[in-house]
Amino acid sequence: MHTLNLGILAHVDAGKTSLTERLLHTVGVIDEIGSVDKGNTRTDSLALERQRGITIKSAVVSFEIEDTTVNLLDTPGHPDFIAEVERVLGVLDGAVLVVSAVEGVQAQTRVLMRTLQRLRIPTLVFVNKVDRRGARPEELLKDISARLTPAIVPMGEVTGPGTKGARFTPYEPYGTLPPRLLELLAEHDDDLLAAYVDGGAAVPYGRLSTALTAQTGQALVHPVFFGSAITGAGVRELVAGIRWLLPAAERDTDGPASGTVFKVERGAAGEKIAYVRMFSGTLRTRDRVSCRDGEPEGKVTAIEVFERGSAVRKAAVAAGRIGKLWGLTGVRIGDTVGVPRKGTEEQHFAPPTLETVVVPARPRDRGALHTALTQLAEQDPLINLRHDEIRREISVSLYGEVQKEVIQATLADEFGLDVTFRETTPLCIERLTGSGSAVEFNKKDGNPFLATVGLRVDPAPVGSGVEFRLEVELGSMPYAFFKAVEDTVRETLTQGIHGWQVTDCTVTMTHSGYSPRQSHAHQRFDKSMSSTGADFRGLTPLVLMDALRRAGTRVHEPLHRFRLDLPADALGAVLPALARLGAVPRATGTPGPVSVLEGWVPAAQVHRLEQRLPGLTRGEGELESAFDHYAPVAHGAVPRRPRTGPDPLDRGEYLLNLTRRVGDGR
């Protein structure tokens, strides 16, 4: 048996969950088709998914087409959950991009197609809802070619579009060829190019079919099917196209066990369950595997593999398959189970750019809220938690406002916790404006710690992160003390001068020193005269903040790149609104009655722009936005973020807090 790991992707409300239901019915996995409106679909299992009719978490179901097992992943379509989509893309062999024949190409459709093309994932396009009033398949083909990719091959024609009797008629085996097929394939095939120049009459359909399959598998061309998930029109042809045109998973069963975790959930007993796509080798129950460098190995206690519409308990999961693993207690999304793969492209995840404070309705639920949010963060590593010990508050980072509803509903349904949220604020960062250094010596100038630490901070290129270096001999003191300094440097940089994370810098340790262990034979260790890791962890934040103050930092806010398609006559109303939101248009195109605006807008203003756009454009404006870069805050007061824990910028208060912590035994 072959295996094909297939993703279904689309903009919100294009009908991909309905298409998933129809596919499962067509291949015989389910007897009755679920309805998004009724909330009884196979893949939308969360209560909020059923209530809102949207997909939030990726889900896996399985079916067979002839000799191929298809693991179908129904992915979210809402832009707030793009990180969930991108995680799934890394484990796919192919994809079906669903486009509505009525609403057409939308902003998220373009984002998804760009990502599929960047990752070179073989993709079929399915134009859904051809039975709906307003369906315009011919116009939509031109729109797909202009706004997604010109490398498309329509695989048939639609008769009766916009009616319940709409049907899809494939070009083959009915004696005709898809328009422009030879011309399109010839762009990537020299032999076909020569035949095309000669008129193309001598090229048999079998030769074109082979080239179409090969070039689809290389993500060079994208066949387009038409149909309706509601009536079933065109779905059997799509099933045949999936089997015919998309490549099966490579099965390197003889290699070392290696897989990627793309989803983590909790079972009924609270245990972690990891969804893993195996790329090589075979993983068996009772195998011990590592997930990350420096982490202890975990033991696989149980395995389920997706077959015939459900997950089936098995003794092993082999290369090419998707399995559910039990027993890996420390596993996280994005981990490699077993041996890391070589030559794989690093996944690109845009960072969350918003933040909000989660407030429990009952103050006594603070502890339970922290536990619940920690579990939710395990399922999404890009949603970070920030615990303010002083104010006893928990913040979560977000991609958009819809995630608030998801968190709120999940906390209520799964944990019985009622919560509200504070106002959403942008997640800024700090970057150095210069270089600075500081040093404190052991037992000198009011240094209460038995440690010498000197640090220099220097700006680094954008995107380089934080690098820690040594200008002192590694053997000048125990390695554990160097490790304590480095770990504390990285932790301290999460809150810079203005409270934001400091990034894109190099921190160099310029001075080191310690008090050797003071003890004698048969005597106890004298902690008051000997350096410990706590001395270096306590002193490092003071030295680092002093160096940061001397270097200076500047707050940068997240900016989204936007593209706005709108009626040309609405331009006069939209431009002033963009200016009030701090947006900076950088290009304006007016091809006929439609204007195109591109530029940048502060992340904090994207939601307001989405709310105002329908009124400014009579409902005809279409906004596409995604995180692009950080830029210095140019207007208004410099935003500050409340600090959590002891503040090393206030030396007296910091030392007093540290003393209290020691006294409390923390």
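Trainee: Which residues of helix H9 (residues 235-245) are buried?

Mentor: This is a predicted model, in which local features need pLDDT of at least 70, side-chain atom pairs count only at pLDDT 80 or more, and totals for chains, interfaces and linings use all residues. Residues are numbered from 1 along each chain as its sequence is written, and side-chain values use heavy atoms, without hydrogens and water. Buried means under 20% relative accessible area, exposed over 50%, and partly exposed in between (1.4 Å probe, protein chains only). In H9, a DSSP run of H or I with at least four residues, the buried residues are Val235, Leu238, Val239, Gly241, Ile242 and Leu245.

Trainee: Is Tyr196 buried, partly exposed or exposed?

Mentor: Tyr196 belongs to helix H7 (residues 190-197). Its relative accessibility is 38%, so Tyr196 counts as partly exposed.

Trainee: In the open sheet of six strands, which are the edge strands?

Mentor: The order is S16-S15-S18-S11-S10-S19, with antiparallel pairing; a strand is a DSSP run of E with at least two residues, and two strands pair if DSSP finds at least two bridges between them. An edge strand pairs on one side only, as do strand S16 (310-314) and strand S19 (336-338).

Trainee: Which residue in S16 stands opposite Phe306?

Mentor: Strand S15 (residues 302-307) pairs with S16 in the antiparallel sense over five bridges. Opposite Phe306, the residue in S16 is Ala311.
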